[in-house]
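Let's walk through this fold one question at a time. Keep the viewer open and follow along.

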Amino acid sequence: MQLHHSHQICGIVAHVKDRGVASVAIRSLDIAAEVLVDRREQEEVLAIFDRIRKETGWKIGFLHNELREKWGWPSEEQAAQQMMQQQNSLSQFF
């Protein structure tokens, strides 16, 4: 049921054109997005935040990091380290 409500909130926020309610929409989306488990849905939420940021100019980039952490995504540092390790292990074969 929680996931269903999360989908509803994400859909509403994604299609709201009235930026007068942006502060409420941002907070609602942030809370609702925490329960998402599908990577595609998570990426869509980040895209919604990006669109709101571009339209309003508000500094909400920190929400990306918070949600990524809650979703269990590796941090940017961890992702870079993993990529370096993969490249190093591949270069040993060539």
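Q: Which residues have the most contacts inside the largest nonpolar core?
A: A nonpolar core here is a set of buried Ala, Val, Leu, Ile, Met, Phe, Trp, Tyr and Cys residues joined through side-chain atoms within 4.5 Å, and buried means under 20% relative accessible area, with exposed over 50% and partly exposed in between (1.4 Å probe, protein chains only). The largest such core has 18 residues. The ones with the most contacts inside it are L29, V45, F49 and W71.

Before going on, a word on where this comes from: it's a predicted model, where local features need pLDDT of at least 70, side-chain atom pairs count only at pLDDT 80 or more, and totals for chains, interfaces and linings use all residues. Residues are numbered from 1 along each chain as its sequence is written, and side-chain values use heavy atoms, leaving out hydrogens and water.

Q: Which element gives the most to this core?
A: Helices (H or I, at least four residues) and strands (E, at least two) are DSSP runs, numbered from the N terminus. The elements that give two or more residues to the core are α1, α2, α3 and α4 (62–71). The top contributor, with five residues, is α3.

Q: Are α2 and α3 roughly parallel or roughly antiparallel?
A: Axes are lines fitted to C-alpha atoms, for helices over the stretch in contact, and angles run from 0 to 180 degrees between N-to-C directions. Helix α2 (residues 22–33) and helix α3 (residues 39–56) pack at about 165°, with axes 11 Å apart. Angles under 35 degrees count as roughly parallel, over 145 as roughly antiparallel, 65 to 115 as roughly perpendicular and the rest as oblique. So α2 and α3 are roughly antiparallel.

Q: Are α1 and α3 roughly parallel or roughly antiparallel?
A: Helix α1 (residues 2–15) and α3 have axes that come within 10 Å and cross at roughly 30°. That angle makes the pair roughly parallel.

Q: Which residues of α3 make the contact with α1?
A: From α1, the contact uses H7, C10, V13 and A14. By class, this contact has six nonpolar, one polar and two charged residues. The α3 partners are E41, V45, I48, R51 and I52.

Q: Is H7 buried, partly exposed or exposed?
A: H7 lies in helix α1 and, skipping residues up to four places away in sequence, touches L36 and E41. Its C-alpha is 9.7 Å from that of V35, 28 residues apart along the chain. At 34% relative accessibility, H7 counts as partly exposed.

Q: Which residues in α4 meet α3?
A: α3 and α4 pack at an angle of about 170°, with their axes 11 Å apart, and are therefore roughly antiparallel to each other. The α3 side brings Q42, V45, L46, F49 and D50. Their partners in α4 are L63, H64, L67, R68 and W71.

Q: Is W71 buried or exposed?
A: You'll find W71 in helix α4. Not counting residues up to four places away in sequence, W71 touches A33, E34, L36, Q42, V45 and L46. With 12% relative accessibility, W71 counts as buried.

Q: Is V24 buried or exposed?
A: In soluble globular proteins, nonpolar side chains tend to be buried together. V24 is found in helix α2, with its C-alpha 9.4 Å from that of V13. At 55% relative accessibility, V24 counts as exposed.

Conventions
Contact = heavy atoms within 4.5 Å. Nonpolar A, V, L, I, M, F, W, Y, C, P; charged D, E, K, R; others polar.
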